[in-house]
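This report goes through selected local features of the model shown below, and then turns to its cores and helix contacts.

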Amino acid sequence: MIFLVCLIMPLLDLSESSSKPSDDEQKIFQYIDHHQDIFVQNLSDWVAVESDSIQPHLRGNITEIVKIAADSLRALGATVELRNVSAQDEPYVQNLSLPPVILAELGNDTEKPTVCFYGHLDVMPAKKEDGWKTDPYRLTEVDGKLYGRGTTDNKGPVLAWINAVRTFIALNMTLPVNIKFLLEGMEEAGSLGLEDLLKEENKIFFSNVTYIVISDNIWLSNEKPALTYGTRGNAGFFVEVECCKKDLHSGSFGGIIHEAMSDLVALLDSLVDSSGRILIPGIYEDVANITDEEMKLYAPIDFNFDEHKMNIGVKEFLYKTKDDILLNMWRNPSLSIHGIEGAFSEPGIKTVIPSKVIGKFSIRQVPNMNLPTVESQVKEHLNNVFSKRNSPNKLTVSMQVGAMPWIANVKDLQYEAARRAIKTVFQQDPDMIRDGSTIPVAKMFEDITKKSIMMFPIGAADDGEHSQNEKINRLSYINGTKVFASFLLEISKLHGASKLMTAT
Ligand SMILES: [Zn+2]
């Protein structure tokens with residue numbers, strides 16, 4: 001037993017990491033390099049399908065790309081099921097059936113871990129007239145950048161994963177793990193039908209899944225790879241004030257009534273101060289304390305403060321240091337005011353007193369904040385502020401959206417395996433990053449399956465997801481394929497070693 005422990009300890013030593021490709025990796029990387037034009041051609045074929053899930057009349061295209069993807073998986077030897085899903089009363093359904101979701105599996109060796117890859121085949125709308133330099137549905141390569149809708153979000157990463165598996169098979173190498181794929185076609189429209197499917201399949205498809213990998217976000221930097229271990233949640237509120245039954249003339253009634261808009265502006269102004277601090281009593285109480293270990297993850301992160309400022313076109317940030325910016329972007333809550341419904345917003349002056357106005361704001365909440373607690377703190381605070389105004393108007397506060405934050409354990413074996421794979425392919429450690437926005441799918445997988453989830457991006461910060469001129473760098477796509485292949489080898493090794501360790 002002592003001998004065994006000695007043998008496997010180096011494998012589990014997190015500081016140890018060989019960045020030199022193994023013989024198997026060298027063969028794999030060589031194959032990928034030699035076949036990169038074929039991989040790019042596959043991406044080109046996929047991009048050519050306008051699988052836009054937002055416009056209902058294009059729904060048939062999603063079914064088409066689902067079929068193409070299913071065929072690619074069958075060609076690997078996978079068992080593929082096209083599962084019909086439904087979602088009633090959803091805005092994007094519009095009496096059209098939803099495209100099927102792909103559930104595929106390859107290998108069922110009980111000695112090996114099972115890695116399930118999630119990705120999506122649909123895209124956001126894109127038209128040349130929106131300001132694209134190239135046809136969004138015709139993959140165009142310029143200076144090593146592959147332009148086209150869906151290249152980075154999410155067809156490129158899905159194909160990189162398929163290419164990685166294909167490489168093992170082409171080289172007659174045994175797959176180091178069992179692989180499952182869950183590919184959907186309605187992600188951009190809110191993953192319609194996915195939650196019910198996950199619940200139905202939790203004890204079936206997911207029963208033997210050990211790790212779930214999502215590659216549907218991007219790095220923080222243009223050059224340095226990253227792994228994502230957390231996202232913020234979102235609690236969206238409406239605060240409605242009504243002062244009278246209809247809009248009034250300010251010349252006739254201004255000065256004698258309590259105006260709804262004045263109440264609302266005071267209420268909104270009570271939410272956050274000029275330093276960005278949220279003023280709702282108790283709101284920070286549940287925020288997880290930052291540990292020294294967590295803080296250490298921030299120091300090596302590649303984040304160019306000035307470039308970021310320039311990219312978004314602001315003069316100053318609320319904070320002066322890189323750490324403070326990242327902490328407040330990712331792991332501290334923030335409150336943003338979005339708009340006022342019912343207020344006059346056209347050009348010029350209209351001397352009106354609006355009868356009813358609705359202020360809209362949201363709080364990006366973080367671990368360990370609790371949604372019902374946030375909701376009651378917000379309501380209590382606004383009612384308090386309102387009561388001090390002695391206004392006879394009607395106040396209604398409601399929470400419209402509530403999505404929870406997600407956080408993973410960076411010490412989980414699959415994070416270590418991905419870190420090693422990145423080190424081998426890119427010769428550097430990844431940035432360990434969070435995402436300030438809300439990515440509900442990670443939380444959904446975690447809540448339902450209770451499995452280990454990792455977000456493993458391969459695209460660069462300037463890829464332009466959802467934007468004009470979306471692209472993925474050829475190098476990101478090819479290195480992404482390599483890094484996924486290397487990850488499969490690493491997770492198999494680490495998983496095996498940890499099993500042995502538990503057994504001893
Ligand atoms: Zn996406």
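Asp143 sits in the loop between strand E4 (140-142) and strand E5 (145-147), and in this predicted model its phi is near 50°, a positive value in a residue other than glycine. With 6 C-beta neighbours inside 10 Å, where 12 or fewer is the limit for the exposed class, Asp143 counts as exposed. Asn390, which lies in the loop between H12 and strand E14 (394-403), also has a positive phi, of about 50°, although it is not a glycine. Asn390 is exposed, with 7 other C-beta atoms within 10 Å. As background, most residues other than glycine have a negative phi, and most peptide bonds are trans.

The bond from Asp153 to Asn154 is cis, with omega near 10°, and Asn154 belongs to helix H5. The bond from Pro367 to Asn368 is cis as well, with omega near 0°, and here Asn368 is placed in the loop between E13 and H12.

Which residues have the most contacts inside the largest nonpolar core? They are Ile102, Val115, Ile212, Ala418, Met454 and Leu488, in a core that has 97 residues. Helix H15 (residues 474-503) supplies the largest share of this core, nine residues. For Ala418, once its neighbours within four places in sequence are left aside, the contacts are with Leu227, Met454, Phe456 and Phe487. A second, separate core consists of 22 residues, among them Val239, Ala260, Leu271 and Leu395.

Two helix pairs can be set out together, since two packed helices are described by the angle between their axes and the distance between the axes.

| Helix pair | Angle between axes | Distance between axes |
|---|---|---|
| H8 (residues 260-269) and H12 (residues 371-388) | roughly 130° | within 10 Å |
| H5 (residues 151-170) and H15 | about 55° | 8 Å |

The angle of about 55° between H5 and H15 makes H5 oblique to H15, and H5 passes H15 in a right-handed crossing. On the H5 side the contact is made by Gly156, Pro157, Ala160, Trp161, Asn163, Ala164, Thr167 and Phe168, while H15 contributes Tyr477, Gly480, Thr481, Phe484, Ala485 and Leu488. Sorted by class, the contact of H5 with H15 has nine nonpolar, five polar and no charged residues. Leu488, which takes part in this contact from the H15 side, is also one of the residues with the most contacts inside the largest nonpolar core.

Helix H5 also holds Ile162, and with 26 C-beta neighbours inside 10 Å, against a threshold of 20 or more for burial, Ile162 counts as buried. Not counting residues up to four places away in sequence, Ile162 touches Ser72 and Leu73. Thr110 provides a spatial reference for Ile162: these two residues are 52 residues apart in sequence and 22 Å apart in space, C-alpha to C-alpha.

For the other pair, the axes cross at roughly 130°, and H8 and H12 are therefore oblique to each other. H8 passes H12 in a right-handed crossing. Asp263, Ala266 and Leu267 in H8 meet Leu382, Val385 and Phe386 in H12, and by class this contact of H8 with H12 has five nonpolar, no polar and one charged residues.

Is Gly359 buried or exposed? Gly359 is buried, with 25 other C-beta atoms within 10 Å. Leaving out residues up to four places away in sequence, Gly359 touches Val239, Leu264, Leu267, Leu268 and Ile340. Val239, one of these partners, is included in the second, separate core of 22 residues. Between Gly359 and Leu264, which are 95 residues apart along the chain, the C-alpha separation is 6.8 Å.

Conventions:
Residues are numbered from 1 along each chain as its sequence is written. This is a predicted model: local features need pLDDT of at least 70, side-chain atom pairs count only at pLDDT 80 or more; totals for chains, interfaces and linings use all residues. Axes are lines fitted to C-alpha atoms, for helices over the stretch in contact, and angles run from 0 to 180 degrees between N-to-C directions. Helices (H or I, at least four residues) and strands (E, at least two) are DSSP runs, numbered from the N terminus. Angles under 35 degrees count as roughly parallel, over 145 as roughly antiparallel, 65 to 115 as roughly perpendicular and the rest as oblique. A crossing is left-handed if the near helix is turned anticlockwise from the far one by less than a right angle, and right-handed if clockwise. Two residues are in contact if their C-beta atoms, placed from the backbone, lie within 7 Å. Ala, Val, Leu, Ile, Met, Phe, Trp, Tyr, Cys and Pro count as nonpolar, Asp, Glu, Lys and Arg as charged, and the others, Gly among them, as polar. A nonpolar core is a set of buried Ala, Val, Leu, Ile, Met, Phe, Trp, Tyr and Cys residues joined through C-beta atoms within 7 Å.
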